[in-house]
Amino acid sequence: MASHNQPRWAMVIEADKCIDCKACDVACKRENQIDAKGNPEVCRNWINNEGVKGTYPNLQQTFTPEQCHQCDNPPCVPVCPVQATWQGDDGVVLVDKKKCIGCTLCAINCPYKARYMTEARKGETRKADKCNYCEYRPKTKLPACVDTCPTKVRTFGNLNDPNSDVSKLLKDRPYKVLQEDKGTKPHIFYI
Amino acid sequence: MTVTRRRFLQGSAAAAGALGVIPGLRYVSQASEGRSSSPEVKYVNSSCAICTNKCVFRGQVVDGVIRRLEPEPDFPRARGMMCARGNAGAWTPYDPNRLKHPLIRTGKRGEGKWRKASWEEAYKHIADKINTAVEAEGGNRSTIGFISSEGTYQEHYYQGFRTVFGSPNILRHPTICLSSNIRGFMSVFGTYPNADIINSDYIILAGADRAESIFTPDTIDMFGKKGKTIICIDPRFTKTAAKSTKWFPINPGTDMAFALAMIHVILKENLQDQDFIDEYCTGFAELKEHVKDSTPAWAEQETGIPASEIERIAREFAKAKAPVFYPGRRSGWQKSEVHTRRSIAMVNAIVGNWDKEGGLVPNSSISIRRRPMRPVRYANAQPRLEADDVEFLNDGDGSWIPWRDRALKADPYRIRGLMIYKQNVVDSVPDRNKTFELFDKMDIIVCVDTFMSDTAWYADVVLPETNYLERQDPPFPLSGIEPSVIFRQPLIERMYDTKPGHDIFSELAAYFEDENGRSLGNHFRGTIEDHMNTEVSARELEQLKTKGFYTTGEGPVIGRTRRGELGINTPTGKVELYSEDFAGRGLDPLPVYKRPEKPGSGKFRFLVGRHAIHTHSMTAAFPELNWHMPENAIWINTKRANELGVKSGDMVKVTNRTGGSDTIKAQATEAIHPDCVYFAQGYGSLSKDKPLVYGRGAAQSAVLESHFEPISGNALMHETIVEIRKV
């Protein structure tokens, strides 16, 4: 568990601003060099879109971006037999691909289905992968999905800093998390 | 489309095999795999080329390979956003099928047989063919048609070449885009304004699909800021419709009836801005009389939008703090298109929405010191082909449909050659069959592009322009409410034997002479670098190199016509609700509504439209975008699909009234007016060098009929009527 001197990274998503333009997905693939080869399952973030609902002309359609929820109680961590998946002090759940044996237990146990398996390289197994908030990027930068978004659906920041944009948004507005009943304590907040 | 997530545990990566390995991305990952533990990361600010917005970005280059194009947060027009297309553009230099060196056709047109040529050889081949064609026409240089896209960084070099070459036949992009819209707004306001969307609170969108046709900063401001009322009238339930406060599936082509009824209500209830009208407008009495019978009840019959809703919208609009009836693009594109636009402009005018915060604002620009090229006079110069066909023909743009009809009939003279610069004519101009008929009559077709578009595929000589991420472009004044000057500079070194437009046109010019035997190459002076140094100051150039743009620093420019710093550019100097100019030309001085024809039993009106991941025909084969939409499908209203016995996934043949057709998958959906069908552009490609879309899905240009509107010359894409048959 993170101490209060540590940052605790989190994201706030204002889903009703989302126009389903896919900029977050493409930016993420670029930044993280994910060659999905046309496989829609291979992505770190995605936009839930259940299609057009209703009967002409009374129609509606919603778009809800989602990704790894960077849980405080991540079910993917304890099930990993080789401790390849772990949570940093800043709350970000990471995968050590050198350790990963491709058993998919983390993926099976993620209620958000936020993990994908990479293609197997020569002499290696597939590896689990997921959003890591573009963790290798310099700290001055935002994750690619956040910086690129045309309508600024996503706000990223340090929950332990009361002056951060995420803290301010959560202070001012009602919010929810997805699948709260699972007890994962997710850190993607929807307002 | 329903997105499901994570079925890999059951079925593994089933879709992975379909596309195979995408070498562009593999190139990137291989390059980065081999990198040392401390890679060299550099950032180069430059600007996007994937649509007309030209958003400035920070290019992240890792060990000499472009990793990502990040948004530049300080650039005022895009304010730190990069859309999917802009992000995916990073792939383009590494596209294995990109144009890498000049090509001369060896097989039949469209057969895809080429030989690699040197630049000198290609220039000489072009010059021989063009000079022979001109001689065969008795020295009439107008026999060569010049086609280009619009507003690209090096287009002025191309136009310079055309100017000194001596042909008036230029066809740019506007008449297959928004020239009717521009003409409609110009006739009322004297200019085509932008809208200060960030400060507006009530927006009406007629066809403008800003969630999918991303336009900066309007898309950002419209959907990224809450609290705005957005009314969307569109026969199609677009993503914009989904994000709007209220969507009305208007009967196609009846937008003018909606606008006239709004004016009727506003004037009847005395909600207009009389002070603005008295001071700035002319023709108010005539307009008031004109809309007397345009009641909401009448408009309900025409538009299908309930009269009570039209009344409510008109009232809300007139009472809003900063209302905008958005001057966006695709709306009618039917017979009375210019007048439809005029009526929309007038809805704005009568509530005083002009040159104020949150409203329509005339564009400003920052000038740079660019030296225009002087035309050369030729003895046998002929006027442009379609000079008599269009009332307000813009000489610099041409009018595609009548021009092509004239060229096909050699009326009044023959066209023997086409020089095409960055316009995918085969895929973007309606009625592909006619385009091919035109191509068949050509002695020479030259195509300058960066990748093998369908048009390049059917050309005789293909000249590869350097990719935008490898290229140095001169400064570019980008007009807008907050104008800027933007820039493009290379992120990486040129990978292949390509050249920037300037070099291509200046070098090609040297292969031609004027009638006095002087080389046309003499008209080109200096390099792009020289131009950079003279067009802006050293300080400005420095800022362009570091930031990719500069502005005046004064922010948005609003209210100049109200302060008298700028006049209203109409013949009367007033906002013209009634147009004497139109009357004098035998055109309706006020917008007269004409009911559009019904498609007829068993038929549909074909609609065109945009998709957020695509720019027309350009991006469908970008892997990261194609993954989201591997092929297009035709939207058919569920009820109508049932009548036809068509289910989603069935293949159908779409045929227009002139025999144009294509085959495509059906998508039965509630999201479209029963009279209409629609599919996205960019698919069903004929070029085998666009493998992801080659023969996959259908092409709009194959089923669009050729109709045009004689006031502005705009193509009328929504006049196409099609039949659908299950195959």
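Asp460(B) is buried, with a relative accessible area of 5%. This residue belongs to a predicted model, in which chain B is divided into four named parts: domain 1 (5-94), domain 2 (103-177 + 367-551), domain 3 (194-361) and domain 4 (603-726).

**Surroundings of Asp460(B)**

- Asp460(B) lies in a loop of chain B, with helix H19 (454-457) on one side and strand E17 (461-464) on the other.
- The side chain of Asp460(B) forms a polar contact of 2.8 Å with the side chain of Arg105(B).
- The side chain of Asp460(B) also reaches a backbone atom, the nitrogen of Ile445(B), at 2.7 Å.
- When neighbours within four places in sequence are left aside, the residues in contact with Asp460(B) are Leu103(B), Ile104(B), Arg105(B), Arg109(B), Trp114(B), Asp443(B), Ile444(B) and Ile445(B).
- Asp460(B) counts as buried because its relative accessible area is 5%, and the limit for a buried residue is under 20%.

**Domain 1 and domain 2 of chain B**

- The centres of domain 1 of chain B and domain 2 of chain B, taken over C-alpha atoms, are separated by 29 Å.
- To this contact, domain 1 of chain B gives 29 residues and domain 2 of chain B gives 26 residues.
- Between them, domain 1 of chain B and domain 2 of chain B bury about 2000 Å², and 62% of this lies on carbon and sulfur atoms.
- Two salt bridges are counted between domain 1 of chain B and domain 2 of chain B.
- A salt bridge joins the side chains of Asp74(B) and Lys547(B), at 2.5 Å from N to O.
- Across the interface of domain 1 of chain B and domain 2 of chain B, 13 residue pairs are in polar contact, with both residues at pLDDT 80 or more.
- On the side of domain 1 of chain B that touches domain 2 of chain B, two or more residues each come from strand E1 (41-47), strand E2 (56-62) and strand E3 (65-71) of chain B.
- Of these elements, E1(B) gives the most to that side, with five residues.
- By class, the residues on that side of domain 1 of chain B are 15 nonpolar, nine polar and five charged.

**Chain B and chain A**

- The contact of the two chains draws 67 residues from chain B and 63 residues from chain A.
- The size of an interface is often expressed as the accessible area that is lost when its parts come together.
- Eight salt bridges are counted between chain B and chain A.
- The side chains of Glu31(A) and Arg68(B) form a salt bridge, at 3.5 Å from N to O.
- Between chain B and chain A, 18 residue pairs are in polar contact, with both residues at pLDDT 80 or more.
- Helix H3 (residues 23-33) of chain B gives the most to the side of chain B that touches chain A, namely six residues.
- That side of chain B has 37 nonpolar, 14 polar and 16 charged residues.

**Helix H7 of chain B**

- Helix H7 (residues 179-189) of chain B is mostly covered, as nine of its eleven residues are buried.
- Among the buried residues of H7(B) are Arg183(B), Phe185(B), Val188(B) and Phe189(B).
- The elements that cover the buried residues of H7(B) include helix H15 (337-350), strand E14 (360-361), strand E21 (575-576) and helix H23 (580-584) of chain B.
- After H7(B) comes Gly190(B), which has a positive phi near 80°.

**Thr85 of chain A**

- Thr85(A) is placed in strand E6 (residues 85-87) of chain A.
- Thr85(A) counts as buried because its relative accessibility is 4%.
- Thr85(A) is ten residues from Val95(A) in sequence, and the two are 4.4 Å apart in space, C-alpha to C-alpha.
- Residues up to four places away in sequence not being counted, Thr85(A) touches Cys76(A), Val77(A), Cys80(A), Val93(A), Leu94(A), Val95(A) and Arg115(A).
- The side chain of Thr85(A) reaches the backbone oxygen of Leu94(A) at 3.1 Å, and makes a polar contact of 2.6 Å with the side chain of Arg115(A).

Definitions and conventions
Residues are numbered from 1 along each chain as its sequence is written. Chains are lettered from A and ligands numbered from 1 in the order in which they are written. This is a predicted model: local features need pLDDT of at least 70, side-chain atom pairs count only at pLDDT 80 or more; totals for chains, interfaces and linings use all residues. Side-chain values use heavy atoms; hydrogens and water are left out. Domain bounds come from an automatic or database domain assignment. Contact means heavy atoms within 4.5 Å. Buried area is the accessible area (1.4 Å probe) that two parts lose on being put together, summed over both. A salt bridge is a side-chain nitrogen of Lys or Arg within 4 Å of a carboxyl oxygen of Asp or Glu. A polar contact is a pair of N or O atoms within 3.5 Å; within protein, one must be able to donate a hydrogen and the other to accept it, and residues adjacent in sequence count only if both atoms are side-chain atoms. Helices (H or I, at least four residues) and strands (E, at least two) are DSSP runs, numbered from the N terminus. Ala, Val, Leu, Ile, Met, Phe, Trp, Tyr, Cys and Pro count as nonpolar, Asp, Glu, Lys and Arg as charged, and the others, Gly among them, as polar. Buried means under 20% relative accessible area, exposed over 50%, partly exposed in between (1.4 Å probe, protein chains only).
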